[in-house]
Amino acid sequence: MTSCGVLISEVGPRDGLQSVARTMPTAAKRAWISALHAAGLREIEVGSFVPARLLPQMADGAEVVRHALGLPGLTVMALVPNQRGAEAALAAGVHKLTIPVSASAAHSLANVRKTREQMVDELRGIVALRNERAPQVRIEAGLSTAFGCTIQGAVAEDEVVWLAEQVVAAGVDEAGLSDTTGMANPAQVRRLFQRVRAAIGDKTGAAHLHNTRGLGLANCLAAYDVGVRTFDASQGGLGGCPYAPGASGNVVTEDLVFMFEAMGIATGVDLHKMMLARQALQAGLPGEPVYGMTPQAGLTRGFAYADGRRPATEALLDAGAGAA
Ligand code: ZN
């Protein structure tokens with residue numbers, strides 16, 4: 001959607017669902033993804049291709065991808081950790097692959113038992129596979145723990161910039177920065193995105209920011225201010241944060257959409273229709289906590305979207321089902 005000011009990339013069906021112990025039934029995933037698409041989201045990370053014994057929540061990836069491919073105008077994205085996952089995702093027909101690469105040396109070893117250099121080699125193999133089998137598919141590397149790591153603490157900015165250069169040299173189309181552990185602050189976000197952009201230019205990808213300490217929106221705004229235009233977010237902040245019970249993990253899509261639209265920056269997302277998606281999410285995972293201030297408070301009196309549309313009612317949660 002070139003008319004949009006920013007692209008909100010919804011990661012709930014992957015990032016959210018894989019951090020919930022229960023598995024959402026496949027039919028419920030399909031209904032939720034359809035509702036997210038109906039609300040105007042045009043990029044959705046619908047699953048990950050990892051061994052089912054490790055993440056049974058994601059075992060139906062190919063089936064979910066097949067459904068999402070039927071939704072017009074949607075970029076269907078999947079996370080893959082390695083070449084085997086990439087093969088399965090490409091066979092399923094995804095439009096875009098995202099591969100997490102830890103900026104923290106300690107996190108990389110703990111998480112995937114590979115050094116960062118070995119992960120860059122893995123990326124090179126995935127790029128070769130893509131070039132051979134599906135050259136139209138885009139590849140994004142998500143530099144996780146870019147703003148700090150719960151194992152080693154600080155992650156040197158020089159190393160993040162170095163890694164961004166390495167993954168671009170390996171052939172990825174874009175490199176985004178992820179605040180996997182919720183440690184980022186706005187000054188750091190501004191500085192690091194600027195440094196990465198100076199190094200890799202328009203291959204700078206999405207901001208994946210968390211709300212663990214309540215700084216999610218402030219960090220998104222800081223990234224916007226230095227030119228980032230794609231933002232990962234999760235409906236209802238789904239998944240929570242394993243390190244801080246009661247605090248949401250991913251930035252809440254509804255709150256992020258409200259912030260941008262209120263500022264006059266178009267997202268293409270309709271917040272009343274997002275309430276229908278929220279109901280679909282809750283129907284698929286009854287009792288799972290969901291977060292978000294805007295759904296609770298509703299829209300501001302006289303609210304208008306960036307494109308001038310005015311909703312019929314300012315209430316959200318109460319009015320969700322009724323508002324067309
Ligand atoms: Zn996340």
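Setting aside neighbours within four places in sequence, His-208 is in contact with Val-11, Asp-15, Leu-177, Ser-178, Asp-179, Asp-232 and Asn-250. The model is a predicted one. His-208 sits in strand E7, which covers residues 204-208. Is His-208 buried or exposed? Its relative accessible area is 8%, so His-208 counts as buried. Two polar contacts involve its side chain. One, of 2.8 Å, joins the side chains of His-208 and Asp-232. Another, of 3.3 Å, joins those of His-208 and His-210.

Now step back to the whole chain. Twelve helices and eight strands make it up. Its radius of gyration is 18 Å, close to the 20 Å that the globule rule gives for 324 residues, so the chain is as compact as a globular protein of that length. Along the principal axes, the C-alpha trace spans about 55 × 40 × 40 Å. Of the 324 residues, 56% are buried.

The surface comes next. The accessible surface is about 12,900 Å². Carbon and sulfur atoms hold 52% of that area. The chain carries 28 positive and 30 negative charges. How far apart are the mean positions of the positive and negative charges? They are 2 Å apart.

Helix H9 runs over residues 216-225. Its buried residues are Gly-216, Asn-219, Cys-220, Ala-222, Ala-223 and Tyr-224. An α-helix has 3.6 residues a turn, so residues three or four places apart point the same way. Which elements do the buried residues of H9 pack against? They pack against E7, strand E8 (230-233), helix H8 (186-200) and helix H10 (253-262). Just after H9 comes Gly-227, with a positive phi of about 100°.

H10 holds a residue worth a stop. Glu-254 is found in this helix. Its relative accessibility is 0%, so Glu-254 counts as buried. Residues up to four places away in sequence are left out of its contact list. Beyond them, Glu-254 touches Ser-234, Gln-235, Gly-236, Leu-271, Met-274, Met-275, Arg-278, Thr-294 and Pro-295. Gly-236 is one of these. Glu-254 and Gly-236 are 18 residues apart in sequence, and their C-alpha atoms are 7.1 Å apart in space.

Glu-157 lies in H7. At 19% relative accessibility, and with the cut-off for buried at under 20%, Glu-157 counts as buried. Its side chain makes a polar contact of 2.8 Å with the side chain of Arg-191. Leaving out residues up to four places away in sequence, Glu-157 touches Gln-188, Arg-191, Leu-192 and Arg-195.

Two backbone angles deserve a look. Most residues other than glycine have a negative phi, and most peptide bonds are trans. Thr-145 is not a glycine, yet its phi is positive, at about 50°. Arg-113 belongs to the loop between helix H5 (105-112) and helix H6 (116-133). Is Arg-113 buried or exposed? With a relative accessible area of 73%, Arg-113 is exposed.

The last stop is helix H4, residues 83-92, where Gly-85 lies. Gly-85 has a relative accessible area of 5%, so it is buried. Not counting residues up to four places away in sequence, Gly-85 touches Phe-49 and Val-80. How far is Gly-85 from Gly-205? Their C-alpha atoms are separated by 21 Å, and the two residues are 120 apart along the chain.

Definitions and conventions
Residues numbered from 1 in each chain as written. Predicted model: local features only at pLDDT ≥ 70, side-chain atom pairs only at ≥ 80, totals over all residues. Heavy atoms only, no water. Helix = DSSP H or I, 4+ residues; strand = E, 2+ residues; numbered from the N terminus. Rg over C-alpha atoms; globule rule 2.2 N^0.38 Å. Buried < 20%, exposed > 50% of the residue type's maximum accessible area, 1.4 Å probe, protein only. Areas by Shrake-Rupley, 256 points an atom, 1.4 Å probe, with all protein chains shown as cover. Lys, Arg positive; Asp, Glu negative; His and termini not counted. Charge placed at Lys NZ, Arg CZ, Asp CG, Glu CD. Polar contact = N/O pair within 3.5 Å; in protein donor to acceptor, adjacent residues only side chain to side chain. Contact = heavy atoms within 4.5 Å.
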